[in-house]
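Biologist: I am new to this structure and would like to be taken through it. Could we begin with the strands and then turn to the rings and the pocket?

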Amino acid sequence: MRVTIVQLNSHDDVLLNLREAARLIRSAHAQEPAQLYILPEYVAFAGGSLSEKRAVAEIVPFGSVSRFFAELAQELDAAIYCGSINESDQERLYNSAVVFDRMGRLVAKYRKLYLMDATLPSGRTILESNVYSAGSEIITFELYGVKFGCSTCYDLRFPELFRAFRRMDVDVIVFAAAMPKVHGSAHLEVLLRARAIETQSYLLAANQCGKTANNTRESSGCSMIVDPWGTIEACLDDEVGCLTRELDLSRVRDVRSRMPVMKAADVVRASGTYSIEF
C-alpha cells in the first residue's frame with residue numbers, strides 16, 4: 001500500500017490552508033500516486049481565538065472543509081486523512097480527524113481523546129480543554145483491506161490508547177499533530193518509535209511545521225514513517241513537503257509472529273497482578 005504524508009505550515013486563513021494542502025497533494029500525486037494521503041492536525045485552521053475557532057467549525061461531513069477534501073479524494077481516486085478540523089455539534093467544539101475514501105465517502109471521524117493541558121518549559125500554558133471537548137471513542141477504519149487506528153498529537157503520551165489498537169488488530173496507526181517544537185525536539189521520535197515497537201504496527205506521523213502567521217505556536221515538523229520494528233523508514237525535516245512510501249504490510253505479520261508480545265501480555269493479565277513488599 002502506498003501512502004503520502006503531507007507536512008504543512010497552516011495559519012488562520014482557511015482558504016489559503018486548503019489551497020496549500022491541495023497543491024501539495026496534487027503535486028505528490030502527479031509524481032507518485034498514493035492510495036492514502038495523510039494531513040496533519042489543524043490542517044484547515046491553526047491559531048486564532050476561541051470565537052474564530054467556533055466561526056470556522058462545521059458539522060461533519062456537511063461543512064465546506066469536509067466537502068473540499070471529499071471532492072479532492074474523488075478527483076484523485078485516493079483516500080484522504082484530514083488530520084483534524086474544528087467540528088461542531090451545535091453545543092460543543094471538537095478537534096476531529098476526518099477520513100474520506102477514494103469515492104469521497106466518510107469512513108471515519110475521530111474526536112481527539114486526550115486534550116493537552118500542560119505548561120511548556122518556556123512557562124506558556126496550553127489549555128485545550130478551555131476550547132475543545134474530549135472525544136469518548138477509540139476509532140479504527142479499514143481501507144484496501146488494511147486496518148488503521150486514529151490518534152492526534154497529545155494522544156501519543158498515553159500508551160493505553162495504542163495498546164488498545166494492538167488488541168483491536170490494527171496494522172497501521174495514523175498520528176496527526178501540531179506538536180509544539182520544544183516537545184517535538186525532545187520526545188516526538190522516541191515516542192513514535194516506542195509506540196511502533198509496543199504495538200508492532202506502522203506509525204504514520206503527519207506534523208505541522210514552522211510558526212503560525214500570528215506567532216501563537218511553532219510546530220516541530222519531522223513527519224515520519226516508522227515500521228513495526230521501530231525503524232524510521234523516512235522522515236521530513238522542518239519544512240513544508242511530502243514523503244511517499246510503499247508500506248510492506250508483511251512486516252507487521254512477520255514481527256508479530258516472531259515476537260508474540262500480546263500473547264505474553266494476555267497470560268499475565270489473565271493470571272492477575274502481584275506485588276512484592278520489602
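Modeller: Two strands pair if DSSP finds at least two bridges between them; strands (E, at least two residues) and helices (H or I, at least four) are DSSP runs, numbered from the N terminus. This is a predicted model, in which local features need pLDDT of at least 70 and side-chain atom pairs count only at pLDDT 80 or more, while totals for chains, interfaces and linings use all residues. Residues are numbered from 1 along each chain as its sequence is written, and side-chain values use heavy atoms, with hydrogens and water left out.

Biologist: How many bridges join strand S4 to strand S5?

Modeller: There are 5 bridges between S4 (residues 93-100) and S5 (residues 106-111), and the two strands run antiparallel. Val 99 stands opposite Ala 108 in S5.

Biologist: Which residue takes a positive phi in that hairpin?

Modeller: Gly 104 does, with phi near 85°; the hairpin has 5 residues between its strands.

Biologist: On to the rings: how many aromatic pairs are found?

Modeller: The search of the whole structure gives 6 aromatic pairs. Rings of Phe, Tyr and Trp (its six-membered ring) pair if their centres lie within 6.5 Å; planes under 30 degrees apart count as stacked, over 60 as edge-to-face and the rest as tilted. The pair of Tyr 81 and Phe 141 is tilted because its planes lie at 40°, with the ring centres 6.2 Å apart. This pair links distant parts of the chain, since Tyr 81 is in strand S3 (residues 79-88) and Phe 141 is in strand S8 (residues 140-143), 60 residues apart.

Biologist: Is Tyr 81 buried or exposed?

Modeller: Tyr 81 is buried, at 0% relative accessibility, and Phe 141 is buried at 3%. Buried means under 20% relative accessible area, exposed over 50%, and partly exposed in between (1.4 Å probe, protein chains only). Ring pairs also link Tyr 81, Phe 141 and Phe 148 into a cluster.

Biologist: What lines the largest pocket?

Modeller: The largest pocket has 15 lining residues, and the closest to its centre are Lys 53, Arg 124, Ile 126, Val 131 and Arg 217. On a 1 Å grid over the protein atoms alone, a pocket is an open set of points where a 1.4 Å probe fits, with protein on both sides within 12 Å along at least five of seven lines; lining residues have an atom within 4 Å of a point.

Biologist: Which strand gives the largest share of that lining?

Modeller: Strand S7 (residues 125-127) does, with 3 residues.
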